[in-house]
Amino acid sequence: MSAAEPSLKQPTSLWRRRYERKGMLYVLPALVLFAVMVAYPIVRSFYLSFFDYSILEPDAARFVGADNYLKLLTSPQNHRPFWNTLYFAAIFTPPYVLLGLGIALLLNRVRRGSVALRTMIFTPVVVSLAVSAVMWTLFYNGSFGMAHKMLEGACHFLNFLPAYALTCLPPYLVIAALLLFSLTLLGFTFFDKAPLRITVPVSCLLALGVCVNLGTFWLHESFGLLAAFLATLIPKAFVSLELVAAPAEGVLGNPRWAMPAIAAMCLWNGVGINVILYLVGLQRISPELYEAAEVDGAGRWQRFLHVTLPQLGPTTYLVVLLSMIGAFKVFGQPFIMTGGGPQDSTLTFVMRLYNLAFRYGKFQLGYASALAYALAVFIFVMSLFVRRLNRPTE
Amino acid sequence: MTTARRQGDGRKRRAGLAAFLVMSLGAAVMVYPYAYMVGASLKTRREFAADRHSLVPPRFQIDQRLKHARGEPSALDWPGADWPVLKNYTDAIVYGQVDVFLFNSLLYAVVITAVQLAINTLAAYAFARMSFRGRGVLFSLLLATMMLPPAVLLVPQFLVVSGLGLVDSFMGVVLPGFAGAFGVFLLRQFFLNIPRSLEEAGRLDGCSSLGVLWHIVLPLSRPVLVTLGLFTFMGAWNSFVWPLVVLSDQAYYPLTVGLSLFREESGADWPRIFAGAVMGSMPLILLFLLAQRYLVRGISLSGLKGQ
């Protein structure tokens, strides 16, 4: 920092003093606002967290020491929101980061039209949460929602999975083969020998054909002979996903699936940010590194493992940190879509804080402040943890 | 040699094409909900009840038009088919006050963005180029607060705002939005990368420091200013919790809060809700389309990255 301004050290003291005062002047507006709206509230919040304070009777505030913190740890009403938030972070963060990376990698390869695609992928980030949440509530609607219909289809497929597994090539093998096939199309070379390069895709296609045939004809629900036979062996509704149990409310009305549904919506809503961050990271990798790796005889996969991933280290750190913090303070989506229900299954930590402070009619601001600080400490600890994980890659 | 290169080139092109196809599918998934929303907002209630999944309202579908022309019963005979195309939109304005919410949101977002850009530019320039007492300490303090989750600030900010007597007022909504450490950080990183010689040349030509900032630094910083402006505007437009806490008078509601209210009031009148939602999201989409070409450049030039 100090090396950047040798020229400022040179002028006469009068000039420098004027300049100094001006510097302060420039910073002043930001600083005043910052002091009033950020610094003071932080201190005030910490102070309040040791009081039993309600805005309805500010004079009746009394010092209770660490009672709020004890209450917050021991009260079973806080445990559910805490675990809910942790659950949300666990199912949301990994796909959020990986999807961002995957899309950015693919977008980086696209030669024409990448700007248009990037724009389209970023659009959900731009559109306000209130709009997206309302829209997804409709999609999840149990009687006609589109996402609900697709989920039903998935359930149906899962129900038939054991049937596939018993009769033909396990479908997940086929899916893996398909993935390999598309990767070879993308130019990854797993198979450097010419015959393999032809036989693998062809066998993939053949396997797909066999599967489709079995699936549509032999395993058909109503006339498939094999299916009729298997139906006697396999208990029905092997995977029911409990969707049928609450047809009117759909997944959002189902305590077990409401949170994953909200996570899926958040994934769609925010993945554009990670894509942009990763794109910037990818553009920063110098092409010489790839050329050097190529000279050393590294294949596509090796170049990805030994050049791209390590070079993306700092970006990944940033992305993981931002995603995690975002996950821990999730509030708006569940608030609009479910309001914390059904049976408190989507009640997050920040929502509990909000309820305590502004909703339950008691305005327990002291207690809510303690909750806020607990969250801050938790996020801080988690970010230390992420930083520690990040260290060996650097 | 040449054939090998051509082969490699061909493979690269094929890879690019495959990536394009996969990504187009992904992009379609991302954008489909909006296309659906726009389509649904043009349907009448009857149409929405009969046909929930089509993107085009039945009365505009070609086969329905043909049926109608042949004199067969079609969607054009359904009640409401002769309504104005934008009936749901006018309804959303008349019954849901969506225009008021829209105006409020626009006002909040524009004011917050303008003030933040002005204040943060000054502060960031001072942090990047001027030396004054306590500069390092102040800057690290600023950075440290970026790590705090906003939930910590919710309660005490409310106390400050209510202490100032600003609950349920325009200023009460905007004031916390003015303070942003991220903007100072982003701009400072960018300013540090501008060659110092340019500014010294301006100073030799007799510019004041404000003049240097205005005539030399700012024109060079357009990508980062647009990026920061876009992010600030987005944040202000999408803010939900704070307005919810500080406002109780519906006349001040921004769109985010207003729309959830409108939704509760409208029951299952989805086309009308969607019309409100379309109106609420269009300004931001337009702004983003205008600003997006600066986005990647703005982030990448300012050196925003982890540690």
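Contact here means heavy atoms within 4.5 Å. The model is predicted: local features need pLDDT of at least 70, side-chain atom pairs count only at pLDDT 80 or more, and totals for chains, interfaces and linings use all residues. Residues are numbered from 1 along each chain as its sequence is written, chains are lettered from A and ligands numbered from 1 in the order in which they are written, and side-chain values use heavy atoms, with hydrogens and water left out.

**View 1. The two chains in outline.** Chain B comes to 15 helices and 0 strands. Chain A has 17 helices and 2 strands. Both element types are DSSP runs, numbered from the N terminus: helices are H or I with at least four residues, strands are E with at least two. In chain B, residues 24 or more positions apart account for 70% of the contacts with a separation of 6 or more. For chain A, 67% of contacts between residues at least 6 apart in sequence join residues at least 24 apart. Of the 307 residues in chain B, 53% are buried. Of the 394 residues of chain A, 48% count as buried. Buried means under 20% relative accessible area, exposed means over 50%, and partly exposed lies in between (1.4 Å probe, protein chains only).

**View 2. Helix 9 of chain B and its surroundings.** This helix covers residues 181-192. At 1.5 Å a residue, its 12 residues should span 16 Å, and the end C-alpha atoms are 17 Å apart, which agrees. The expected span is 1.5 Å times one less than the number of residues. Helix 9 of chain B is largely enclosed by the rest of the structure, because 9 of its 12 residues are buried. Among them are B:Ala181, B:Gly183, B:Val184 and B:Phe185. B:Arg188, B:Phe190 and B:Phe191 are also buried residues of this helix.

**View 3. B:Phe191 and the largest nonpolar core.** The largest nonpolar core has 190 residues, and A:Phe88 and B:Phe191 have the most contacts inside it. Helix 11 of chain A (residues 258-284) gives the most to this core, with 16 residues. A nonpolar core is a set of buried Ala, Val, Leu, Ile, Met, Phe, Trp, Tyr and Cys residues joined through side-chain atoms within 4.5 Å. Setting aside residues up to four places away in sequence, B:Phe191 touches B:Thr121, B:Ala124, B:Tyr125, B:Ala128, B:Arg129, B:Val217 and B:Ser221.

**View 4. B:Arg129 and two backbone oxygens.** B:Arg129 is found in helix 5 of chain B, residues 98-129. B:Arg129 is buried, with a relative accessible area of 5%. A polar atom of the B:Arg129 side chain lies 3.3 Å from the backbone oxygen of B:Phe191. The backbone oxygen of B:Ile194 lies 2.6 Å from a polar atom of the B:Arg129 side chain. A polar contact is a pair of N or O atoms within 3.5 Å; within protein, one must be able to donate a hydrogen and the other to accept it, and residues adjacent in sequence count only if both atoms are side-chain atoms.

**View 5. Helix 5 of chain B crossing helix 11 of chain B.** The two axes come within 12 Å and cross at roughly 100°. The helices are therefore roughly perpendicular to each other. Helix 5 of chain B makes the contact through B:Thr121, B:Leu122 and B:Tyr125. On helix 11 of chain B, the contributors include B:Ser209, B:Leu213, B:Val217 and B:Leu218. Axes are lines fitted to C-alpha atoms, for helices over the stretch in contact, and angles run from 0 to 180 degrees between N-to-C directions. Under 35 degrees counts as roughly parallel, over 145 as roughly antiparallel, 65 to 115 as roughly perpendicular and the rest as oblique.

**View 6. B:Trp237 in helix 12 of chain B.** The helix runs over residues 222-238. B:Trp237 is buried, with a relative accessible area of 1%. B:Trp237 and B:Ala109 are 128 residues apart in sequence, yet 5.5 Å apart in space, C-alpha to C-alpha.

**View 7. A:Asn84 in helix 4 of chain A.** A:Asn84 sits in this helix, residues 76-109. A:Asn84 is buried, with a relative accessible area of 6%. A polar atom of its side chain lies 2.8 Å from the backbone oxygen of A:Asp344. The backbone oxygen of A:Leu347 lies 3.0 Å from a polar atom of the A:Asn84 side chain.
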